[in-house]
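Reader: I'm new to this, and I'd like a close look at one part of this structure. Could you walk me through the salt bridges, slowly?

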Amino acid sequence: MKKLFLMLLLAPIMSFGQLKGLLDKAKDKVSTVTGTNSNVDIGAGLKEALNKGITEQVSKLTATDGFYKNEAVKILMPEELQKVDKALRKIGMSSLADEGIKSLNRAAEVAVKEATPIFVSAIKNMSITDAKNILLGNDNAATTYLESSTSTALYSKFNPVVKESIGKVGADVVWAKIIDKYNAIPLVSKVNPDINDYVTNKAMDGVFTMIAVEEKDIRTNLNARTSDLLKKVFALQDKK
């Protein structure tokens, strides 16, 4: 599409025949992206790509250590609690600090497994117009669309799942112990963080990060287009 635009700028110096051929080519290109059948293909193709991201990447997060041993999404101490981590390690409680970090990641791993259908449902609401814009967008355009259009609703649904998983893996008990130990240290400012909110946001960040990994792979790696639909739809993107 960009190439055609540049060629059109040179139209004044072209012959009539050359110009007509160029315009016909441009018309064919527009028809390819906006035709009724292609509309359906583009929408279905983008949804398949996002579903593939969930199936092949997000599912990895649900395994034991899916968050904890994945440096791209590993949940660390909240920034405001870095002082807690340092203080605990300084008084010989490194194992408790490590256990606290691991428990946050375990909670996220459990939560993502139970909440994955929420993301699948959100993908189904993508419009044809959105799909066409996404197809010709950046390497993470589909992921960005999904994040911006669903984050608020996803949070409200995801949060109670995270809260339940925090209790299921015992993260609430571990963190209550961490905060109690820290607050008992003389002269420190007391803390009472909302771990549920923190893990919810970090777990969502992890999901979108992994979907983006798969989306970029499909856009840039021909071998990642594992179905005829993906090959057909993303071939349009290759021509932009």
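Author: Let's begin with Asp41, which is buried at a relative accessible area of 18%, because buried means under 20% relative accessible area (exposed is over 50%, partly exposed in between, with a 1.4 Å probe and protein chains only). Before going on: this is a predicted model, where local features need pLDDT of at least 70 and side-chain atom pairs count only at pLDDT 80 or more, while totals for chains, interfaces and linings use all residues. Residues are numbered from 1 along each chain as its sequence is written, and side-chain values use heavy atoms, leaving out hydrogens and water.

Asp41's side chain meets that of Lys232 in a salt bridge, 2.6 Å from N to O; the term means a side-chain nitrogen of Lys or Arg within 4 Å of a carboxyl oxygen of Asp or Glu. This pair links distant parts of the chain, 191 residues apart: Asp41 sits in helix H3 (residues 36–61) and Lys232 in helix H10 (residues 228–238). Helices here are DSSP runs (H or I, at least four residues), numbered from the N terminus.

The structure holds nine salt bridges. Another one joins Glu109 and Arg106 at 3.2 Å, N to O, and both lie in helix H5, three residues apart, about one turn of the helix. Glu109 is buried at 3%, whereas Arg106 counts as partly exposed at 21%. These two also belong to a network of salt bridges with Asp65 and Lys69.

Over in helix H9 (residues 195–220), Arg219 and Glu215 are four residues apart, about one turn. Their side chains meet in a salt bridge too, at 2.9 Å, N to O. Arg219 is buried at 3%, and Glu215 is buried at 3%.

Notes. Helices (H or I, at least four residues) and strands (E, at least two) are DSSP runs, numbered from the N terminus.
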